[in-house]
Amino acid sequence: ISRLLYLLQQETSSTELRTECAVVLGSLAMGTENNVKSLLDCHIIPALLQGLLSPDLKFIEACLRCLRTIFISPVTPEDLLYTDATVISHLMALLSRSRYTQEYICQIFSHCCKGPDHQTILFNHGAVQNIAHLLVSTSYKVRMQALKCFSVLAFENPQVSMTLVNVSVDGELLPQIFVKMLQRDKPIEMQLTSAKCLTSMCRAGAIRTDDSCIVLKTLPCLVRMCSKERLLEERVEGAETLAYLIETDVELQRIASITDHLIVMLADYFKYPSSVSAITDIKRLDHDLKHAHELRQAAFKLYASLGANDEDIRKKIIETENMMDRIVNGLSESSIKVRLAAVRCLHSLSRSVQQLRTSFQDHAVWKPLMKASKVLQNAPNEILVVASSTLCNLLLEFSPSKEPILESGAIELLCSLTQSENLALRVNGIWALMNMAFQAEQKIKSDILRGLSTEQLFQLLSDSDVNVLMKTLGLLRNLLSTRPHIDHIMSTHGKQIMQAVTLILEGEHNIEVKEQTLCILANIADGTTAKELIMTNDDILQKIKYYMSHSNAKLQLAAMFCISNLIWNEEEGSQERQDKLRDMGIVDILHKLSQSSDPNLCDK
């Protein structure tokens with residue numbers, strides 16, 4: 001290798017010799033990954049990039065072909081293309097030289113464009129303008145590589161997508177060119193890649209979701225890619241792209257669910273590797289095995305997108321053969337990607353009240369879920385976030401899974417989530433506890449308070465994220481409901497809870513947060529013995545008085561709830577409480593409010 005590289009770089013070597021060296025090095029690069037590693041260790045990339053400065057086209061093409069082969073290898077770091085800023089602009093300039101330079105350079109770009117930073121560099125170097133006209137090249141390979149370039153440039157990139165919509169080639173806009181490339185008479189690879197371009201543009205908001213090129217062209221094309229006739233890798237790509245296209249749009253979810261029996265068609269993704277009878281099929285078995293987990297992952301993803309919003313679609317998915325068993329198996333697969341996709345699918349289906357009461361109960365879905373979450377140590381955050389969201393749904397008060405989940409140590413698990421560095425996990429942990437405390441028996445409530453500790457409760461109440469704060473207040477409100485519970489909890493944690501309430505009412509918080517906090521006070525005022533904690537706290541009473549005259553009606557109403565719970569005539573000590581509040585001037589405020597233009601306030 002070093003000898004070939006030496007000859008390649010010698011200015012005194014003839015161009016023919018240097019070209020032959022590049023060709024031989026390119027052949028070596030086609031071998032194993034170790035070959036490519038050896039070439040990289042010898043600094044082949046800088047040598048070949050230097051070669052691109054030669055005036056000789058044949059030599060440039062040989063260097064580009066070799067670079068292409070090296071860059072498409074998984075062992076080559078993409079960043080090697082971006083270390084010298086002049087390289088990209090030089091490659092852009094070489095695009096006009098020949099159809100080979102066009103094919104290889106587009107291929108290099110599409111393999112080396114990973115993530116937004118790379119997209120921005122290529123975009124700023126004029127990739128869109130330089131590559132667009134190649135989509136109408138006479139060479140199929142050039143058209144195809146240019147298309148692949150656009151599919152990676154536009155992926156999750158609004159800036160590129162918005163630009164593409166307005167680019168035209170020979171008087172035709174790019175979306176129209178992509179739609180032509182979707183037609184059934186085009187090679188599958190071309191159909192799939194142009195569908196990916198249109199999908200990215202649609203998700204970025206550059207094309208409307210109800211545009212006919214999405215509804216009548218892109219979506220049906222992707223559904224076709226999921227059918228049995230297609231190769232396994234095409235089916236994987238088709239399903240994943242379709243899942244991304246319809247992920248956030250209810251109407252597209254409905255259309256996809258009734259196109260070509262898609263829901264049933266996807267069930268076939270779980271049947272690999274198929275039973276092999278003849279030994280001649282050993283190659284096929286190897287291929288099937290390799291793609292089996294990718295297929296399952298793609299099917300779970302697409303089911304999750306399909307069922308994201310519509311109750312009828314969820315029902316259809318759950319009624320597909322052995323669906324729940326497949327999800328349960330998926331939750332304990334060795335492949336992390338399959339596990340994540342299965343949890344996502346389950347999360348999507350768990351939004352259904354009907355299914356929580358039936359299928360989810362029959363299949364004890366919570367067991368593998370708890371298992372997935374319990375192995376906190378080795379589950380990546382991404383899986384935990386979705387698994388804990390699903391647990392939130394399974395812990396809703398009408399869900400029959402609530403009891404067994406509690407018995408299997410959920411409180412501990414969720415309390416530990418509230419201490420996570422990851423915001424989404426903190427929110428889900430506290431949210432699930434809030435659901436769990438809703439209309440729960442006293443033992444569960446005490447267990448939650450014990451599990452959380454007062455320290456942690458204060459930590460959550462001073463969290464910088466308003467979601468965490470709201471859910472923690474929601475939890476407190478659910479803990480402090482029904483009289484005996486209110487009195488019991490306030491007798492053990494009264495001092496700390498009153499401190500927390502004061503803290504929030506004095507802090508810089510939005511209306512919703514203050515309203516929740518006043519509702520908690522109203523609940524405390526409803527207790528028999530707990531009332532006294534308010535009546536003996538002049539600071540809190542002054543705050544209630546202040547909020548009765550606040551400019552926001554929601555806060556005024558919440559403050560009045562506190563007052564009305566303190567003054568019921570039939571309750572012991574009501575007279576003393578009424579006298580104290582009268583002395584504070586509460587009655588005068590009530591007189592004033594009874595003249596209010598707001599009927600709710602007036603009424604209260």
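Tutor: Cys-415 is buried, with a relative accessible area of 5%. Buried stands for under 20% relative accessible area, exposed for over 50%, and partly exposed for what lies in between, with a 1.4 Å probe and protein chains only. This is a predicted model, in which local features need pLDDT of at least 70, side-chain atom pairs count only at pLDDT 80 or more, and totals for chains, interfaces and linings use all residues. Residues are numbered from 1 along each chain as its sequence is written, and side-chain values use heavy atoms, with hydrogens and water left out.

Cys-562 is also a buried cysteine, at a relative accessible area of 0%. Its sulfur has its closest cysteine sulfur in Cys-519, and the 7.7 Å between them is too far for a bond. The structure holds zero disulfides (a disulfide is a pair of cysteine sulfur atoms within 2.5 Å).

A further cysteine, Cys-197, belongs to a helix pair: it is one of the α13 residues that touch α12. Helix α12 covers residues 174-181 and helix α13 covers residues 188-203. Helices (H or I, at least four residues) and strands (E, at least two) are DSSP runs, numbered from the N terminus. The two axes come within 8 Å and cross at roughly 145°; axes are lines fitted to C-alpha atoms, for helices over the stretch in contact, and angles run from 0 to 180 degrees between N-to-C directions. From α12 the contact takes Pro-175, Phe-178, Val-179 and Met-181, while α13 supplies, among them, Met-190, Leu-198 and Met-201. Contact is counted when heavy atoms are within 4.5 Å. Sorted by class, eight of these residues are nonpolar, two are polar and none is charged (Ala, Val, Leu, Ile, Met, Phe, Trp, Tyr, Cys and Pro are nonpolar, Asp, Glu, Lys and Arg are charged, and the others, Gly among them, are polar).

Apart from its neighbours within four places in sequence, Thr-193 is in contact with Met-144, Leu-147, Lys-148 and Ser-151.

As for the whole protein, its secondary structure comes to 38 helices and two strands. Its radius of gyration, taken over C-alpha atoms, is 32 Å, well over the 25 Å that the globule rule (2.2 Å times the number of residues to the power 0.38) gives for 604 residues, so the protein is more spread out than a compact globule. Its C-alpha atoms fill a box of roughly 110 × 55 × 50 Å along the principal axes. Of the 604 residues, 54% are buried.
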